[in-house]
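Student: I would like to go through this structure by question and answer. Please show it first.

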Amino acid sequence: RKKKVMEELGHVVCGEIGRPLRILQITDTHLFPEGVEEFTHPGGVIDMKAKGYGNQMAEKYLKVMIEKVKPDLCILTGDILDGRPFGEYKRLDWKETFLSFIDPLIKNKIYWSYTPGNHDDDGSPYTRKDLLAIYGLPYCFSKGAKKWDHTVTVGPNPFECVRLWLFDSGENSPDPKLKYTSFSLDAVHEYKLISKKLREQKEKAVGLAFFHIPLPEYSYNKPMVGTLGLFDAARRKGNVPAVAKWCPWLVRLFGFQRVSGSSNLQSGLYEAFLWERNILATFCGHDHYNDAVMHLYGLYMCYGRVCSNTPPVTWEGAGGPLPFDLGARVIEVRGAGKVATWIEGEDGPEKNSLIVMSPEYIPPTSTVRKILCHPWTVKIVNLIIVFMILAYLLYYGDDLTGVDWDDDSEGLIRES
């Protein structure tokens, strides 16, 4: 019998009855092993001390976020560790580095969990499977999970809760054209099977999904709030075609600057979300220069925000400075199917970053679309089509029947 790749973990008691449940999303800290002074990358060697790099910024921001946000739980959406310096210096103390970072969560008795990124084990002397030991650390609400792909409900009780879905979005692909290995097809299939079972059980909990690498559908959508700065960073680094490098205005004219760093493999997970209709929003990291919230056909797609200062955060400086201050995303489950989210900075909630997500939301349409989709427009177009068909039949009617009426009439006259 085939082993399951997605697990159901039951319910974790968290939060208080009658109070919104707050989730803190931390992403892409790219923690280095303690004491590393130099980092070798394809562009050269970085002096960590001279550049002011280190884990201290991420550790500081986690403490600040806990103090300001007072979250009920925290989800770490990948690339929390960076496997490359561990591999460069043959270091196996990844667990100590991870534990040192989450220490404020443990001390404050805040439940947390983690989804793997493409760099957590990239070039490391440990394996991705080794990292599953993270789920055995104190206050992890995924305790007991043996797979990266799993689902769990959290809340004060099973009737007042939110269902969380955690997915492994893949590793670096050996084929550079694909970029990443993407979500497991088996995990997508089992998500649908579990969703069907929950639907038969009439579960009403709002669903939120967390993973590291964005879905391909994150690309080319206009942000509701937030920034999409990945295109500009890629231009600075030189990772764009010539036309985008020399004529960025042309790219922006068609909205093609709204890119994401997704895999080129399609897993079908987005389509599964639309079909099952039990996920209100997805949350990812990976694209350090993006922190936007988009909406596409009933699904909210959200980025977190980086809060670290190690070399990979700005692509070893090649991507240029971040287009925003460091911070983190906060998610607040308010009940009645509504979920609010905003960016929290060192000085508090960021202005104009708040958005309340609801399954009843209908996105505004442009004037052109309103005209094209207006009922009278549809009626007029239908009438024009009917008249065109009738005109065609009247003009080419003889050819369509295959009968030469003139010849037949002459024959009838001769017979008479």
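Student: What is the strand order of the open sheet of seven strands?
Tutor: Strands are DSSP runs of E, at least two residues, and helices are runs of H or I, at least four, both numbered from the N terminus. Two strands pair if DSSP finds at least two bridges between them. The pairing in this open sheet is mixed, and the order is S1-S7-S8-S9-S10-S12-S11. The model is predicted: local features need pLDDT of at least 70, side-chain atom pairs count only at pLDDT 80 or more, and totals for chains, interfaces and linings use all residues. Residues are numbered from 1 along each chain as its sequence is written, and side-chain values use heavy atoms, without hydrogens and water. The sheet's order, again, is S1-S7-S8-S9-S10-S12-S11.

Student: Which strands stand at the edges?
Tutor: An edge strand here has a single partner strand, so one side of it is left without a neighbour in the sheet. The two are S1 (6–13) and S11 (293–296).

Student: How many bridges join S7 to S8?
Tutor: S7 covers residues 149–157 and S8 covers 160–166, and the two run antiparallel. Val 154 has Val 162 of S8 opposite. The number of bridges joining S7 to S8 is six.
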